[in-house]
Amino acid sequence: MPRSRHAHAVPPAVIVPRNRHGHGARGPITGPHLPLLHNRIDDFEMMVAAAADYLTGLWPDELSAVHFEVAAAPAGAVGDEGVRRWSVDRGTRTVVLYRVPIQRLTKLHRNDDFHKRMLVEACVFRAVAELLGRDPWDLAPDRFNHF
């Protein structure tokens with residue numbers, strides 16, 4: 001006598017969702033043995049965080065309650081002076097750096113990682129100087145002695 005297909009049915013286990021092509025969800029592209037890939041957004045945020053940590057270490061009393069944020073672009077795209085690179089709110093002690101204007105609208109004489117990092121650090125320094133009411137060169141006078 002023929003056996004029924006459903007006689008030995010396996011109880012449903014974990015169901016892997018499938019897309020319309022029959023494949024499961026995508027996994028990481030690098031695999032478990034390789035480091036994760038970084039993109040421009042992650043690199044920009046890490047550069048801002050590193051510069052903010054450096055300045056907070058130099059000015060702990062003045063910058064302890066300051067929040068640094070990264071946004072794509074300012075809400076008002078173009079003002080009288082062009083596109084803003086950052087905004088400072090003294091009331092909430094917040095510094096917001098705008099990634100797209102900093103990365104794409106600034107012309108670098110050399111487009112390499114070092115000069116991109118220097119550009120982001122310069123924007124962080126200038127934004128913090130605006131918040132504190134100081135000159136950017138006064139924030140870290142020994143920072144650029146090696147040049």
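**A walk through the model**

Analyst: Happy to, and let's start inside. Setting aside neighbours within four places in sequence, L97 is in contact with V48, E69, V70, A71, R85, W86, I102, C123 and V124. Keep in mind that this is a predicted model.

User: Where is L97 found?

Analyst: L97 is found in strand β3.

User: And is L97 buried or exposed?

Analyst: L97 is buried, with a relative accessible area of 0%.

User: Let me step back a bit. How many helices and strands are there in the protein?

Analyst: There are five helices and three strands. Along the sequence they follow the pattern α-α-β-β-β-α-α-α.

User: How much of the protein counts as buried?

Analyst: Of its 147 residues, 24% count as buried. As for contacts with a separation of 6 or more, residues 24 or more positions apart account for 61% of them.

User: OK, helix α1. Which of its residues are buried?

Analyst: In α1 the buried ones are F44, M47, V48, A51, A52 and L55. They are on the same side of α1, because they cover an arc of only 125° around the axis.

User: What covers those buried residues of α1?

Analyst: The cover includes the helices α2 (60–63), α3 (99–104), α4 and α5 (136–139), along with the strands β1 (67–71) and β3.

User: And which exposed residues are on the face turned away from the buried side?

Analyst: That face of α1 carries D53 and G57, which are exposed. As for its length, α1 has 19 residues and reaches 27 Å from first C-alpha to last, close to the 27 Å expected at 1.5 Å a residue.

User: Which residues of α4 are buried?

Analyst: The buried residues of α4 are H115, L119, V120, E121, C123, V124, F125, A127, V128, A129 and L131.

User: I see E121 in there. What is its relative accessible area?

Analyst: E121 has a relative accessible area of 6%, so it is buried. The C-alpha atoms of E121 and A49 are separated by 9.6 Å, with the two residues 72 residues apart along the chain.

User: New topic: aromatics. How many aromatic pairs does a search of the whole structure find?

Analyst: The search finds one aromatic pair. Y54 and F125 form it, and the pair is stacked, at 6.4 Å centre to centre with 20° between the planes.

User: Which helices do those two lie in?

Analyst: Y54 lies in helix α1 (residues 40–58) and F125 in helix α4, so the pair ties together parts that are 71 residues apart in sequence. Y54 is partly exposed, with a relative accessible area of 30%, whereas F125 counts as buried at 5%.

User: Now pockets. What is the volume of the largest pocket?

Analyst: The largest pocket has a volume of about 410 Å³. It is lined by 16 residues, and R40, M47, Q103, N111 and K116 lie nearest its centre.

User: Which elements give two or more residues to that lining?

Analyst: Those are α1, α3 and α4. Helix α4 gives the most, with five residues.

User: Tell me about Q103. What is it in contact with?

Analyst: Leaving aside neighbours within four places in sequence, Q103 is in contact with R40 and F44. Q103 has its place in helix α3 and is partly exposed, with a relative accessible area of 28%. The C-alpha atoms of Q103 and R40 are separated by 9.0 Å, though the residues are 63 residues apart along the chain.

User: Last one: which residue has a positive phi although it is not a glycine?

Analyst: That's R93, with a positive phi of about 55°. R93 is found in the loop between β2 (86–89) and β3 (94–98), and it is partly exposed, with a relative accessible area of 27%.

Definitions and conventions
Residues numbered from 1 in each chain as written. Predicted model: local features only at pLDDT ≥ 70, side-chain atom pairs only at ≥ 80, totals over all residues. Heavy atoms only, no water. Buried < 20%, exposed > 50% of the residue type's maximum accessible area, 1.4 Å probe, protein only. Helix = DSSP H or I, 4+ residues; strand = E, 2+ residues; numbered from the N terminus. Phe/Tyr/Trp six-rings, centres within 6.5 Å; stacked < 30°, edge-to-face > 60°. Expected span 1.5 Å × (residues − 1). Arc of directions from axis to C-beta. Contact = heavy atoms within 4.5 Å. 1 Å grid on protein atoms, 1.4 Å probe; cavity = no way out; pocket = protein on both sides within 12 Å on 5 of 7 lines; lining within 4 Å. Points joined across faces, edges and corners; volume = space filled by probe spheres on them.
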